[in-house]
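Open the model in your viewer and follow the stops below.

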Amino acid sequence: YAASAVYLHKVFSTHFGRGYLFFVVYALMPLGFEGTYWVSASSRIVVGLFFASLSFYFFDTWCAEGEKKSLVLFAAFQFAAFCLYEQILLFSSALTLILMLSNLKGFGRKRARWGLIMFVNAALYLCITKLMPTGVYGQRAALFLPWQANYTKEVLTPLLSQLKQAFLGGTYATLGKGLSRGFELFMQEPNVLYALIIIVLCAALYMYINKTKRESIRFFAELGAGLILAIVPLTLFFVLKSPWLGLRNLVVSFCGLALVVDALFDLVFGRVKAGKNAEAGIAAALALLCCVASISELHDYREATEADTTIAKAAAEAIEDVDFSGDESVWLLNVDPTYVIDGNLYYHEHDYGVTASSWALTGAITAISGRTDLPYYYGFIPISEDVVLAVKEDRIGKALSYCYTEGSFVPVSIVKAGENVWNIISTSGNVLGTLQYSNGGAILKMK
């Protein structure tokens, strides 16, 4: 991820001038923790951004120097980026378009036309996805276009709400509340070495910026490119049937946001005599604040990981002697969707663990147990007191069931006790709780 920042900044500096707030916003904002730290997302987003930045760099080299090797590397790395994440496809295409426009004048304009290779890469990517099973891409690729009936209700309104909550609410939560919690957590568990490293790095950043000659920035070019790169990766969600905008989906827009911040800073301080000192001070201070705030995000992910591991191990041990022959489901009762206490932001998957969904919990148990015979589709269903379980009434009591108590899963039976009420009974005959059925869902009540 850091390497992608260097490559992107190097090319942008050539065309727009040099600013260092770009690095802080792009690389250190705690809002991006989900997309850069959570392996399920970062394995695609971070790697995709790296390949996109490499293709951007080699395309710029091709336009400037005309080396055929650079053209080949541009096409190859861009195709690799396209295959990792749909948002990266849009982002890399926008980067290519910006360079094509930047080379409309000068010796590179004919070479810039080779940027149209991006359409070939996009076509190859779409051909590959068509060869995949429908279940892999069908749900993700289902479109809902603006001229279709109920578009505003089904797509636009919920998406705008998510954008507001993710960008504004997420920034406040991770940088505001996160900063306060990060400082408190550090004081509870002081790590002198970490503190010294962060302080030294921020001081080094301040001194480096102060000693580096500040270049003039092409304000409108940088601002325009930033807006394009911030908006384009999000346009995908405006045509999806079920838009689900997680915090990880914001990371691809960080490059554009970083350019916008850098351009606006230059507008205010660019012609001020102390502009370089202001940039050094603001960049170093913001970097320090982001690092402190990120302590809380790191803490929350550690809590979630430890809880996920504990529960998945307990479940794997509970079913160790169970043979699975079909697609039967296993109910795991009294499992909460999150074990993160006072997290910065409970939004979509953020600050939730694998226990928040059946597919994630099934994957975790499969990975930890090492078994290949476990049911896959909705195999292990977590049931919490906080969430209504959508289930048909005639399915209650049919699944193999376990209840999580005192760090382990115990086998239980679910027996009807009255109208719309089922008791959860342990092997020793104790009633551990009840399931109450209403309006197509079951509600767990533990004793």
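The tour visits a helix pair, then a pocket.

This is a predicted model, where local features need pLDDT of at least 70, side-chain atom pairs count only at pLDDT 80 or more, and totals for chains, interfaces and linings use all residues. Residues are numbered from 1 along each chain as its sequence is written, and side-chain values use heavy atoms, with hydrogens and water left out.

**Stop 1: the helix pair**

Select residues 219-231, helix α12, and residues 254-269, helix α13. Helices are DSSP runs (H or I, at least four residues), numbered from the N terminus. The two axes come within 7 Å and cross at roughly 155°. Axes are lines fitted to C-alpha atoms over the stretch in contact, with angles from 0 to 180 degrees between N-to-C directions. α12 and α13 are therefore roughly antiparallel (angles over 145 degrees).

Now show side chains. Phe219, Leu223 and Leu227 are among the α12 residues that meet α13, whose partners include Leu257, Val260 and Leu264. Contact means heavy atoms within 4.5 Å. The contact residues divide into 13 nonpolar, two polar and two charged. Nonpolar covers Ala, Val, Leu, Ile, Met, Phe, Trp, Tyr, Cys and Pro; charged covers Asp, Glu, Lys and Arg; the others, Gly among them, are polar.

**Stop 2: the second largest pocket**

Select Tyr194, Cys291, Ser294, Ile295 and Leu298, the closest to the pocket centre of its 24 lining residues. A pocket is an open set of points on a 1 Å grid over the protein atoms alone where a 1.4 Å probe fits, with protein on both sides within 12 Å along at least five of seven lines; lining residues have an atom within 4 Å of a point. Its volume is about 580 Å³, the space filled by probe spheres set on the points.

Colour α14 (275-318) next. α14 gives the largest share of the lining, seven residues. The lining divides into 17 nonpolar, five polar and two charged residues.

Conventions. Helix = DSSP H or I, 4+ residues; strand = E, 2+ residues; numbered from the N terminus. Parallel < 35°, antiparallel > 145°, perpendicular 65-115°, else oblique.
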